[in-house]
Amino acid sequence: MFIPSPTRMWLYAVLTVACATVQAQEPVTYQGADTIGSAVSPVIINIDPASLTAPRPWQPGDPVKDIPLQFDKNFNPPPREPRPVGLDPLAERQFEASEQRGGTDPDFGNLIINVPGSPFTGSSPSDTVGDVGNNFYVQAVNGGGAAGSNVLIFDKTDGSMTMSFALESLAAGSGTGCVSGAGDPIINFDETADNGPGEMPGKWILTEFTPMGVDTVCVYISETSDPTAGNWFLYEFSSTTGGFPDYPKYGVWSDAIYLGVNELGATPQQYALDRENMIQGLPARPLQAFGSAPQLPGFGFQHIMPIDWDGDVPPPPGSPGLFMRHRDTEIHGPAGMPDADIIELWEFSVDFDNAANSSLTGPINISISEFDSEFCNLVFSGCLVQPNSGTTLFALLQPIMWRGQYRNFGSHQSIVANMVTDVTGTDVGGVRWFELRNTGGGYTTFQDGTITEPGTVNGTDGISRWMASAAQDEAGNIAVGYNVVGVGDTGTGDDVFPGMRYNGRLASDPLGTTPQGEVSIMEGSAPNNSIRYGDYSALTVDPIDGCQFWYTAQHNPAANYSTQIASFRFSACGEPGFTLSADNSIQQVCAPDDLADININVGSVSDFLNPVTLSLDSPPAGFTAGFTVNPVVPGNSTVAQISVSGAAAPGDNILTILGTATGADDRTATILAEVFNATPGAPGLQLPADGATDVSLVPILEWTEGSQPGSYFVEIATDSNFNNVVYNAMENGTVHQVGAALNSLTGYFWRVTPNNPCGDGAASTTFSFTTRELPPILLVDDDDNTPDVQSIYVDALNNLGIAFDLFDTNNTDNEPGTEILAYDAVIWFSGDEFGGVAGPGATAEGILGNFLESPNKCLLLSSQDYFFDRGLTPFMSTYLGITGATNDSGDYTSVSGAGSSFAGLGPYTLDYGTPGLQDFSDILAIGGSGELSFDGNNGNDAGSADTGFNSVFLGFPLAAVSGAANREEILQAFIDNNCGSFSVIEEFFIDGFEGPAPAR
């Protein structure tokens, strides 16, 4: 979702919009659509896209924009009904289907295309989207800097990129606001659009919006099915409210292009665009719109998703355009539905010649199995946990995910879609997918299921699956692509960084299950450095064969995401033939020996039953194979028994199983055998160097590999004989980040022992190191750098002569993790943070709670937007002594100290202008074990303290207190009264967090 940073004045204007609430009701028909302006004539663009300059790649040091959400700033989570406790009601059915898989489609797990898409652009999230046409795949993502959307075009046959350009560059010289595109792209291939005699059907629809203040959407339509050549027709449409058309999603239908957006912070709007004229390059009749759908009271972000038509069979004549959203009844009502929730369907009937005849009907309520939308306590923050990171990811719980897909099978009409659900009630995401069917009497739920996996984390493996997209091929098989992240069953060994996977079901599989198995596209290698993730992904189906699925999304090979494009299909779709796949296809072996048995599955496509003969095709030296059954009739399997002699070369050996049959093309399955013929050689230790001092408490260990390496066993001990091992781990590479903080000013010894299938190799030599001394304070800079108030805190602590470490989030939600626990005090400030998450996220709150539960710890948190971004959290009420707050309405011009922490101090004048801050201070409600710590001059409670936990919270920025001496006095009082005085430490310590130590 690409949203330029809003101003507070704009948001305050938004708040004047009345909020309607949803009621349990029969469908209502709203008659007569709004029309916006007059007919829109297209700008005809005759530009060869190949001549456009490719967007400049992002480079380290370039700016990074973390795009804020547009939502109702006054949103507060409403009271909720109690919900059933325990595992998602559909999870056990999925677990059982996964464990008892039968009739597994042999092709489903084999990726056909798997190529990089756009790299990181400097914009988070990416809003990755794409679609597949006759000969090309087109991907789009948010551009970096002031750019809008980057478009990349790939050859469908091999996944090679043919060109890339900034979408707004197509509008050059058009005289429209589209010359300043702002992102949130959506790509559709309108597969049935007629291009005239002798031409393949299909036209490309490329869209984005313009910046706030212009508030329009730009729709580019290709003249032909080839996006690399020919003219484009550019249409620019204004919003009906004059507000910003956020999160635009498009659905191609037989009579219109339907559009759903979120406007004015939290108002769902439905639009109809004149497809009939636009695909011909003719003037589009005026845009029509309805803003009649009521808001859901439990969401501060509102959106209703349009449905997109796939296949060459259109909806029945006169079928209205369709929109949908989900309603969790425990949040949105109606009350008294503990065992079911609702999908709302909305019907938009459009008459472009007479808007008075147009109508919107809904909600048509369709019952669906109970789901849980209550992520992050419903506030706008991240709560999907990443390994090794204080940054949690936003679940995007509010919309049905892109896209809702429609197919007309003749016997029935089908819609498949998905949203995220909390499968454990503890913020672990699962994909709730569903299929609605209409056999003539209206849509009902035909099946629904939840994609999750079993384990010991409240019944699951602890991995969140979310940001999904679902689609159905022409045979009725369903696939779902999604992102994954989480801390798994047994700690780091099962941890998952943000990656891409998919799952699916044959039309013949048990209803409500995806038993074909989870398949990895790209596994992540690092946590994402921003709370914002994806915002959507895209799974589409090839219009030529109706079978091949194409999926694109983000994943994290490093702290900055990348994107990937992958395709796959079910064998049970398309022309007669057979499929070939191999289980247990990646193995290691110490030669001479046999590989473990490999099941070779031979599947039938369209009832093909001719016997398939198998062989090991052109094997590398040292490999021979036999098969327990050969030939194999499709629908059956055999076992490949492969022997490896001493003549096999050490390293990776690729083996190809070839299948041949009369009347069908040859098929192959690939096996990777990594061969070893000796135990591994000893690795050479590198960092920390032997005898190193001042080493981080969470050091990074590096070594060089010896001969024939496999994996490594890492050990850290306090003695050179390793009788007292304090840390150990397995590592596949030659770099390892220690996963737990060591003690400060302590000597350690470390070594690495290699292992491969031939056995353990010789251990490395032993190196020693001594950890650094830890200063008493961790200073967390969580401001958004506009303004950057870091120097105010740094100068104050330096002038007090107190050493500290600095952790700078660098305008992201990358927060400190368990290293917090090693310090005596934490001082956390967020300045004017608006758009990200001010103050600690859910993960950091949990760590800070553990921190404050330990003896002799103290916390000072200065954050006037903490409540605005998070709402009341259990951490606030338990550890900060706060029961609530009124956002942005403090209006006190000075504060005076109170309570056991600051009594007698002040009054202090608040001067927001000098550091460049704005006054969004809060009025606090103090309760429980809390007491007043600062009183505003107007009698409002400006600060709290919890004497039971030695914590202080300020509802105003400490940086706004006028005068350096006054700020130092407050910090010294905090330390003296809550922490005990720290000794002056002359050396300034820095632990490699972010940025060098300031000068003393």
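Reply: Let us begin with N438, which lies in strand β25 (residues 429–438). Strands (E, at least two residues) and helices (H or I, at least four) are DSSP runs, numbered from the N terminus. The model is predicted: local features need pLDDT of at least 70, side-chain atom pairs count only at pLDDT 80 or more, and totals for chains, interfaces and linings use all residues. Residues are numbered from 1 along each chain as its sequence is written, and side-chain values use heavy atoms, with hydrogens and water left out.

Me: Is N438 buried or exposed?

Reply: N438 counts as buried, because its relative accessibility is 12%. Buried means under 20% relative accessible area, exposed means over 50%, and partly exposed is in between (1.4 Å probe, protein chains only).

Me: And what does N438 touch?

Reply: Leaving aside residues up to four places away in sequence, N438 touches H412, Q413 and Y443. Contact here means heavy atoms within 4.5 Å.

Me: Next, N365. Where is N365?

Reply: N365 belongs to strand β22, which covers residues 359–369. With a relative accessible area of 33%, N365 is partly exposed.

Me: Which side chain does N365 pair with?

Reply: The side chain of N365 makes a polar contact with the side chain of R327, at 3.0 Å. As for D341, it is 24 residues from N365 along the chain, and the two C-alpha atoms are separated by 9.4 Å.

Me: What about R83, where does R83 sit?

Reply: R83 is in the loop between β4 (65–66) and α2 (91–99). R83 counts as buried because its relative accessibility is 19%.

Me: Which residues does R83 touch?

Reply: Not counting residues up to four places away in sequence, R83 touches D328, E330, I331, E370, F371, D372 and E374. For F371, the side chain of R83 reaches the backbone oxygen at 3.4 Å.

Me: Let us turn to a helix. Why is α5 described as largely enclosed?

Reply: Helix α5 (residues 790–800) is largely enclosed by the rest of the structure because eight of its eleven residues are buried. Those buried residues are Q790, I792, Y793, V794, A796, L797, N798 and L800.

Me: What covers the buried residues of α5?

Reply: The cover includes strands β53 (777–781), β54 (804–808), β55 (825–829) and β56 (858–862), as well as helix α10 (964–979). After α5 comes G801, with a positive phi near 75°.

Me: Which residues other than glycine have a positive phi?

Reply: Among them is D184, with phi near 55°. D184 is placed in strand β11 (residues 183–190) and counts as buried at 0% relative accessibility. Another is F722, whose phi is about 60°. F722 is in the loop between β47 (711–717) and β48 (725–731), and F722 is buried too, at 8% relative accessibility.

Me: Where are cis peptide bonds found?

Reply: One of them joins A591 and P592, with omega of about -5°. P592 lies in the loop between β36 (586–590) and β37 (593–594). Another cis bond runs from L687 to P688, with omega near -5°, and P688 is in the loop between β44 (684–687) and β45 (692–695).

Me: Now the whole chain. How many helices and strands are there?

Reply: The protein chain has ten helices and 63 strands. Its C-alpha trace spans about 90 × 80 × 60 Å along the principal axes.

Me: What radius of gyration does the chain have?

Reply: The protein chain has a radius of gyration of 30 Å, which agrees with the value near 30 Å for a compact globule of 1000 residues. The radius is taken over C-alpha atoms, and the globule rule is 2.2 Å times the number of residues to the power 0.38.

Me: How much of the chain is buried?

Reply: Buried residues make up 60% of the 1000 residues. Among contacts with a separation of 6 or more, 68% come from residues 24 or more positions apart.

Definitions and conventions:
A polar contact is a pair of N or O atoms within 3.5 Å; within protein, one must be able to donate a hydrogen and the other to accept it, and residues adjacent in sequence count only if both atoms are side-chain atoms.
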